[in-house]
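Me: I have a model open and would like to learn how to read its features. Where should I start?

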Amino acid sequence: MHPVLHAFLSQTADGQAQNPIVTFLPFIAIAVVFYFVFFRPQAKQAKAHQAFVTALKKGDEVVTQSGIIGTVVLVEDRTVTIDVGAGTKLRVLKGQVAGQWKQVEAQPAKAEGKK
């Protein structure tokens, strides 16, 4: 039998009340793991997005949550006006700006497979 399991069984077999901290230790450990795996990265990402939205300025190329790409022409308190081309301007909420738009160079088409 594994020594840890043996030690656990010997403690519970005596009929003594367990320490409540030891009883809740697995739940506390699970909560800590959830915090570092799920909540902390999400909070970090939200903080970075908030800093980006706060630093928006005229001329930035951005993409919105709905996938619209444009150039910022006016930054107001709660909204941003973006030029999407051909003189079309859209006014969107700052929170709906997903991030900076980065051009990705098109990769040359791969040559067809060897025959």
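Reply: Helices (H or I, at least four residues) and strands (E, at least two) are DSSP runs, numbered from the N terminus.

Me: What should I know about the model itself?

Reply: This is a predicted model, in which local features need pLDDT of at least 70 and side-chain atom pairs count only at pLDDT 80 or more, while totals for chains, interfaces and linings use all residues. Residues are numbered from 1 along each chain as its sequence is written, and side-chain values use heavy atoms, with hydrogens and water left out.

Me: In what order do the strands form the sheet?

Reply: Strands of a sheet pair through backbone hydrogen bonds, either parallel or antiparallel. Here 5 strands form an open sheet, ordered E4-E3-E2-E1-E5, with antiparallel pairing. Strands E4 (88-93) and E5 (97-100) are the edges, each pairing on one side only. Two strands pair if DSSP finds at least two bridges between them; 6 bridges join E3 (residues 79-85) to E4. Thr79 stands opposite Leu93 in E4.

Me: Which residues make up the largest nonpolar core?

Reply: In soluble globular proteins, nonpolar side chains tend to be buried together. The largest core here has 7 residues: Leu56, Val62, Val72, Val80, Ile82, Val92 and Val97. Such a core is a set of buried Ala, Val, Leu, Ile, Met, Phe, Trp, Tyr and Cys residues joined through side-chain atoms within 4.5 Å, buried being under 20% relative accessible area (1.4 Å probe, protein chains only).

Conventions
Buried means under 20% relative accessible area, exposed over 50%, partly exposed in between (1.4 Å probe, protein chains only).
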